[in-house]
Amino acid sequence: MSRVIVVGSGATGVHFALTALERGHDVTMLDVGNERPAPVLPGATYDELKAQLPDPVGYFLGARGEGVVYPSTSASYYGHPPSKQYVFDIPRGFDTNTIAMSPRFSFARGGLAEAWTGGVYAYNRDDLSAYPVSYDDMRRSYATVSRRIGIGAVRDDLEQFIPFDESYRAPLPFDTHSQWLWDRYHKRRDKLQRAHGFFLGRSRVASLSSDLGERKGCGQLGRCLWGCPNESIYSPFHTLRECLAHPRFTYVPGVLVRHFEYGEGGAVTRIVARRMDTHEAVTVDGDLFALAAGALTSSKIVLDSTYRHSGKIAALPGLMDNLQIHVPFLTPAMIGTRVHTASYQFHHLAFGVTRPDPLDYVHGQITTLKSASIHPIVQSLPLDLRGSIGSFRALRAGLAVANVNLADRRREASLLTLRAKGGADNDTELVVHYSEDAAEPARMDSAVSSVKKALGTMGCFVPPGMTRVLPRGTSVHYAGTMPMSHTPGEFTCGPDGRSHAHGNLYIVDGASLPFLPAKNHTFTLMANATRVAEGLPRT
Amino acid sequence: MVAAECRVFAHYLADTEASPYVQHAYGKLLPTSDVPSAVRDRLIERALLSVARQGTLATRVADGYARFFVPRSLLRRRLVLMLAILENSPGSEKLLNSGDEGSLVGVGVRLVLTGIASVLCSVLGVVIFAPLHLVSGGSAAQPEPLH
């Protein structure tokens, strides 16, 4: 069996590692590994936290007020709370220079998925038509991951776009508003589908309606965004915990991988990392190496390795990211009904909008307003704050947001490269240069228009002027810089994830995706990492 | 002055007394709401804040003007901070985190009355603050650019 070195503990790293362990390999995982804090008052609901915590303002707004959303032209309707700050803390020495994009990085145990909303949507045959692997190649891995993480879903109108699997579990119960939208969709379904190409279904979410292993079913606490104390919402941290129980698994936290070294023929000989506490360099040997640090960070490791080996600063074209648009809307029929803040906070409904080109399929999720930080919403209303609070209270039960996602394609002008910083360590910073697709604004307008019309047909009202295009990079769906391809290239990998240039190096994260459908890609990342690990050579 | 401002803003936003906990939190986080001195020293900024401190009706008039013509003003930032604190503080969190229940007509009437009061305060705000805004070099007709 091989000694496999895995870089990163995010969604891809842990599923790659667990599969490799199950197949008999010895696995060492290198990770910065910012630790999640223990949950506060585990049994308390969202409202109870505010009444029972000794310092609720400190918890919800942060010691330095980092959770306060002040008025600005780009203020979002919600942001990541201080309790999730560990997810986005960047280690000293990891520098970036960004153009037309605001990417987020994570060095937490579990990676960026520590702060996700659990959406899991398998790619279908259309999505994978741009890949050198087929849906049949992926199907078994999707099912493996589904059984590990627990996915709630039902058969519905989205099945034609999002393949259903028998391993899925019962979904979480609807909140009142989501139930109303679901019922209304089915009353006007024919018109919605025919006139707007709009299809509604249950969200496919990695949130448990019943216990699975150490994780408990949703306790309806309304604390999803701040961190579920029941662990009902899946995090790669849970799979890391499974790996840690395995005798052939070694976890090495507190190290930042800088680059790898390779010899004649391109084979990687060892990983070079830096200890976070002492800043000493450490090296790790192995037989096989897997980059699973996230598309951007893994790409930097490859660029740094090339730079230190040859002195060449290369560029990795093809950076992709799903553009996201928030469309707030009001359901008048819900006005005056009771709001239950102690309920599952994230989305229950997902939708798809068909386009002439199946690869342009638009994906979205609908989140009805339950527990929420209200000051970002109230300040955006077109009244003084007192009037806005009164209006918000009156409308609250009917408020929701549709999160619209667009697909992205690889383009030469969207790229990653390095800039040498000099100094004794010959350090570099990652240059992230996103170049927008010239056709994207038209695609966006068309998609948003269809969603607005569909919501109108369902009896909802979309207030003018409140739709927001999120800053590029907000989706954290990064991909495409070292794509899978049948055609060998210096910075590509084969369908088996194996680098064409480095025969014992595997690209297992989003960097290897050759096309980015609109659907959240995390499920596919986990399944692909599982598939690649299943194909590892045994010696 | 901060404590008095805190009390007025708490009454304006939530009809509530600012508890010692709220006052402490407001004082602690107030620096995070600050703006550059060049902005803070502008006549319109100082006028909005000074008037707002006089009482809840004055706060509403100043806020009604600021919402449309100086939306990223120091006053708005301080009010947003206060709102964020109140929605997370024992005692005031229930009011701000709940919704109105009742018939659609009843809620609708409350909504209309709320809107009328806001419009009246904003009109009064224009009468009072627009001349000051023009004198201080800003256009009263267009929202402020991002500072």
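Analyst: A residue is called buried if 20 or more other C-beta atoms lie within 10 Å of its own, exposed if 12 or fewer do, and partly exposed in between, the C-beta atoms being placed from the backbone. This is a predicted model, in which local features need pLDDT of at least 70, side-chain atom pairs count only at pLDDT 80 or more, and totals for chains, interfaces and linings use all residues. Residues are numbered from 1 along each chain as its sequence is written, while chains are lettered from A and ligands numbered from 1 in the order in which they are written.

User: Does A:Gln85 count as buried, exposed or partly exposed?

Analyst: A:Gln85 is placed in helix 4 (residues 85-88) of chain A; helices (H or I, at least four residues) and strands (E, at least two) are DSSP runs, numbered from the N terminus. A:Gln85 has 16 C-beta neighbours inside 10 Å, and therefore it counts as partly exposed.

User: How far apart in space are A:Gln85 and A:Arg184, C-alpha to C-alpha?

Analyst: In sequence, A:Gln85 and A:Arg184 are 99 residues apart. In space, their C-alpha to C-alpha separation is 39 Å.

User: What is the mean pLDDT of chain B?

Analyst: pLDDT is the predictor's confidence in each residue, from 0 to 100. In chain B, 93% of the residues reach 70 or more, although pLDDT stays under 50 over residues 140-147. The mean pLDDT of chain B is 91.

User: Which helix gives the largest share of the side of chain B that touches chain A?

Analyst: In total, 44 residues of chain B are in contact with 36 residues of chain A, where contact means that the C-beta atoms of two residues, placed from the backbone, lie within 7 Å. Helix 1 (2-14), helix 2 (20-29), helix 5 (56-69), helix 6 (74-86), helix 7 (93-97) and helix 8 (104-135) of chain B each give two or more residues to this side. The largest share, 10 residues, comes from helix 8 of chain B.

User: How far apart are the end C-alpha atoms of helix 8 of chain B?

Analyst: The expected span of a helix is 1.5 Å times one less than its number of residues. Helix 8 of chain B has 32 residues, so it should span 46 Å. The distance between its end C-alpha atoms agrees with this, at 45 Å.

User: At which residue does the kink in helix 8 of chain B lie?

Analyst: The bend at a residue is the angle between axes fitted to the seven residues ending there and the seven starting there. Helix 8 of chain B has a kink of about 40° shortly before the proline B:Pro131. Among the buried residues of this helix are B:Val107, B:Gly125 and B:Phe129. The kink lies at B:Phe129.

User: Which element of chain A is included in what covers the buried residues of helix 8 of chain B?

Analyst: From chain B, helix 4 (43-52) and helix 5 are included in the cover. From chain A, the cover includes helix 11 (385-395).

User: Is B:Asp15 buried or exposed?

Analyst: B:Asp15 lies in the loop between helix 1 and helix 2 of chain B. It has a positive phi of about 50° although it is not a glycine. Because B:Asp15 has 11 other C-beta atoms within 10 Å, it is exposed.

User: Is A:Val476 buried or exposed?

Analyst: A:Val476, also not a glycine, has a positive phi of about 55°. Its place is in the loop between strand 18 (468-469) and strand 19 (478-479) of chain A. Because A:Val476 has 25 C-beta neighbours inside 10 Å, it counts as buried.

User: What is the bridge partner of A:His326 in strand 15 of chain A?

Analyst: Two strands pair if DSSP finds at least two bridges between them. Strand 12 (residues 324-330) of chain A pairs with strand 15 of chain A in the antiparallel sense over seven bridges, and six bridges join strand 14 (residues 362-368) of chain A to strand 15, also antiparallel. In strand 15 (residues 399-405), seven of the seven residues are buried. The partner of A:His326 there is A:Asn403.
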